[in-house]
Amino acid sequence: MVAVPLRDTTLAVLTAAVLLANAACGGSGFDSTPPAQRSGPASLQILIASSGEAETTAVTGAATAWAAFSGNTATVIPAQDLAQQLGQAFAGGIPPDVFYVEAARFADYVSVGALEPYADKITDVDDFYPALRQSFTYHGTLYCVPKDFSTLAMEINTALWASAGLSPTDVPTTWEQLTTTAQRLKAKGITPIVLGNSRDRIGAFLVQAGGWIISDDGTRATADTPENLQALRYVQALLREDLLKYPKQLDAGWAGEAFGRGEAAITFEGNWIEGALRADYPAVRYTINPLPAGPKGRGTLAFTKCWGIAARSRYKQQAIEFVEAMTTGRQQLRFAEAFGVMPSRQSAKDQYIARFPADRPFIDGAAYARGPVNAPKMDSVLSDFDTGLQQLATADPETILARLQKYTQAVLSG
């Protein structure tokens, strides 16, 4: 899956607006007339957001093999901009049959009837991790199945760690230990922690404190709570004591860059950091560890995409068969080998760990991970929350959360 350190929400908001406008006006692509289904050989169009040549090659190869076996044809199209191209395709009434759906965009598409709820037709659907299934569940219905996922873990620069007199037994497992260890690093003149300044990183602290932005059923705002306040105050304390810095404070575009340059000893990033460090900072040595537990235990964030099937596809049955083939444990392990994703089926976990033992903290995180906010029309609200988090060192956490509560509830009640 593609992992972008900083999300540009502007285009996504505009795309969602186009979809919603078309839906509200009965525009093409969302009328109530069901498309006539075609039997026999299908010609599937498959739109993906590729992380690079390796992913494009792997998905194209798997699609070609499926097509040859099934007697269908399957054309894989790497999107230049997935949100924009999907928005245009749905607005024009000619969506691809199968396409990647970002968990953060899922509710927007479902809310306007763009997605076919096919998941109950996939073999052993309960084998997919519960947190990932929740990411693609809307009003109690699981619509689509996750193709793979990533989680956040704690990366530690072993050279900086040793230079501060720290050993493997000093790896922090709680917030309290994280603070103590960070203070020891700072005393040695080392920037302790670099962390992305958005909900996609700081949100993990909310989960560890027992909080989150919306209720599990997606109907109520739960932002303005003591748990979330405790989390933001903890991060704020780290910022104010110079135990944690945002990437821009280190003249870096994202935390992985600062970590790779050796400008901080600790970062919290997903398994995409491994490829970035191999490519840009191959000399860096580091370990991967679980995130420290908070007051309510372990918590991390999950990032995932599902295989979406268009409600307007004329080849729904063939599309379901394609997704079935792409999400077997064996095929997901092949994708893991090819471009570094983690399989979304629990039954593939042991084989994955055997092949990638260092990645165990990432895949173990699925047991206590929280996916993105699962509600439509939340982009501008969450973007506003990110703006508040960027000013957390000097801002009032209570004000940030009260604002998030107000705007989230307004969207959910609208």
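Mentor: Start with Arg355 and Glu337, whose side chains meet in a salt bridge at 2.7 Å, N to O. Keep in mind that this is a predicted model.

Trainee: Which helices do Arg355 and Glu337 lie in?
Mentor: Arg355 is in helix 14, residues 349-355, and Glu337 is in helix 13, residues 329-339. The two are 18 residues apart in sequence, so the pair ties those parts together.

Trainee: And is Arg355 buried, exposed or partly exposed?
Mentor: Partly exposed, because its relative accessibility is 44%. Glu337 also counts as partly exposed, at 44%.

Trainee: How many salt bridges does the count come to?
Mentor: The count is 21. One of them joins Arg261 and Glu263, with the closest N and O atoms 2.9 Å apart. Arg261 has a relative accessible area of 31%, so it is partly exposed. Glu263 is partly exposed too, at 29%.

Trainee: What about Asp120 and Lys121?
Mentor: Their side chains form a salt bridge at 3.6 Å, N to O. Asp120 is at 62% relative accessibility, and the cut-off for exposed is over 50%, so Asp120 counts as exposed. Lys121, at 48%, counts as partly exposed.

Trainee: Which residues are linked in a network of salt bridges?
Mentor: Glu55, Lys147 and Asp148 are linked that way.

Trainee: Switching to rings. How many aromatic pairs does a search of the whole structure find?
Mentor: It finds 16. Take Phe90 and Tyr109: ring centres 6.0 Å apart, planes at 40°, so that pair is tilted.

Trainee: Where do Phe90 and Tyr109 sit?
Mentor: Phe90 is in helix 3, residues 82-92, and Tyr109 is in helix 4, residues 103-111. They are 19 residues apart, and the pair links distant parts of the chain. Both Phe90 and Tyr109 are buried.

Trainee: And how far apart are the ring centres of Phe205 and Phe268?
Mentor: They are 5.9 Å apart. The planes are at 35°, so this pair is tilted as well. Phe205 belongs to helix 8, residues 199-208, and Phe268 to strand 9, residues 266-270. That is 63 residues apart in sequence, so the pair ties together a helix and a strand.

Trainee: Is Phe205 buried or exposed?
Mentor: Buried, because its relative accessibility is 2%. Phe268 is buried too, with a relative accessible area of 2%.

Trainee: Last one. Which residues do ring pairs link into a cluster?
Mentor: Trp66, Tyr100, Trp307 and Phe322.

How values were computed. Residues are numbered from 1 along each chain as its sequence is written. This is a predicted model: local features need pLDDT of at least 70, side-chain atom pairs count only at pLDDT 80 or more; totals for chains, interfaces and linings use all residues. Side-chain values use heavy atoms; hydrogens and water are left out. Rings of Phe, Tyr and Trp (its six-membered ring) pair if their centres lie within 6.5 Å; planes under 30 degrees apart count as stacked, over 60 as edge-to-face and the rest as tilted. Helices (H or I, at least four residues) and strands (E, at least two) are DSSP runs, numbered from the N terminus. Buried means under 20% relative accessible area, exposed over 50%, partly exposed in between (1.4 Å probe, protein chains only). A salt bridge is a side-chain nitrogen of Lys or Arg within 4 Å of a carboxyl oxygen of Asp or Glu.
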